[in-house]
Amino acid sequence: MNIKNKRDYFLPLILTFAVIASDQLTKWLIIKSIDPWSVGASFFGDLIRIVCVYNTGAAFSLGSRLSSITRLIVMACIPACFIAGICVVYFKSEFSRVQRWFLSGIIGGGISNLLDRFFRAEGVVDFIDVKFFGLFGLERWPTFNIADSAIVICGAGLFVALLMQEWKGKSKTPEAPKDGE
């Protein structure tokens, strides 16, 4: 691997560490300044609220009622293996620069939430609460954090980047001749 390739592999990992640092810092600030299960600030009426809640489950609190050992396996060990797999794929597969940046954001968000799962007995700290106006039966969107945002945004970006790569690959492939031509 030459110097340029090393930079292509390792430079996007800055995003991984930036996501972890910003997520953990904001969670620490929330814990220090807002009482659990309360609203610390509201913006634009109550469109966006900063709250302090703990999530022992996955997205939308799924699995929060599982036993503690089952929850540890399902919510911490399996995601840890998944993130390790993404890291292996990151270094062993061919991705474009932008795809590596998106993967780095996903890895950072996953690691940061795993830190909470392993080191915060209360669960993952969530603090961004957005009004959803009754869409899909939800008055408010489930509370989330910076790591969740990084995972969703980078996951969507990676999906679009992979679709574009596939689309470009198909447009460059010549069509096979039709019968009778």
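Which residues of the largest nonpolar core touch the most other members? Keep in mind that this is a predicted model. Select Ile86, Tyr90, Leu103 and Ile106: of the 13 residues in that core, these touch the most other members. Now colour helix H3 (68-92), helix H4 (97-119) and helix H5 (146-172), the elements that give two or more residues to this core.

Centre on Ile86. Beyond its neighbours within four places in sequence, Ile86 is in contact with Leu103, Ile106 and Ile107. Another core lies apart from the largest one; this core has 9 residues, including Ile30, Ile34, Cys52 and Phe127.

Next, select helix H2, residues 13-33. Its 21 residues reach 30 Å from first C-alpha to last, close to the 30 Å expected at 1.5 Å a residue. Show the side chains of Leu13, Thr16, Val19, Ile20, Asp23, Gln24, Lys27 and Ile30, which are buried. Look down the axis of H2: these buried residues fall within an arc of 130 degrees, so they line one face of the helix. An α-helix has 3.6 residues a turn, so residues three or four places apart point the same way. Turn to the face of H2 away from the buried side to find the exposed residues Phe17, Lys32 and Ser33.

Last, select the cysteines. The disulfide count is 0. The sulfur of Cys81 has its closest cysteine sulfur in Cys77, at 6.9 Å, which is too far for a bond given the 2.5 Å cut-off. Cys81 is exposed, at 57% relative accessible area, while Cys87 is partly exposed, at 27%.

Conventions:
Residues are numbered from 1 along each chain as its sequence is written. This is a predicted model: local features need pLDDT of at least 70, side-chain atom pairs count only at pLDDT 80 or more; totals for chains, interfaces and linings use all residues. Side-chain values use heavy atoms; hydrogens and water are left out. Helices (H or I, at least four residues) and strands (E, at least two) are DSSP runs, numbered from the N terminus. The expected span of a helix is 1.5 Å times one less than its number of residues. Buried means under 20% relative accessible area, exposed over 50%, partly exposed in between (1.4 Å probe, protein chains only). The arc is that of the directions from the helix axis to the C-beta atoms. A nonpolar core is a set of buried Ala, Val, Leu, Ile, Met, Phe, Trp, Tyr and Cys residues joined through side-chain atoms within 4.5 Å. Contact means heavy atoms within 4.5 Å.
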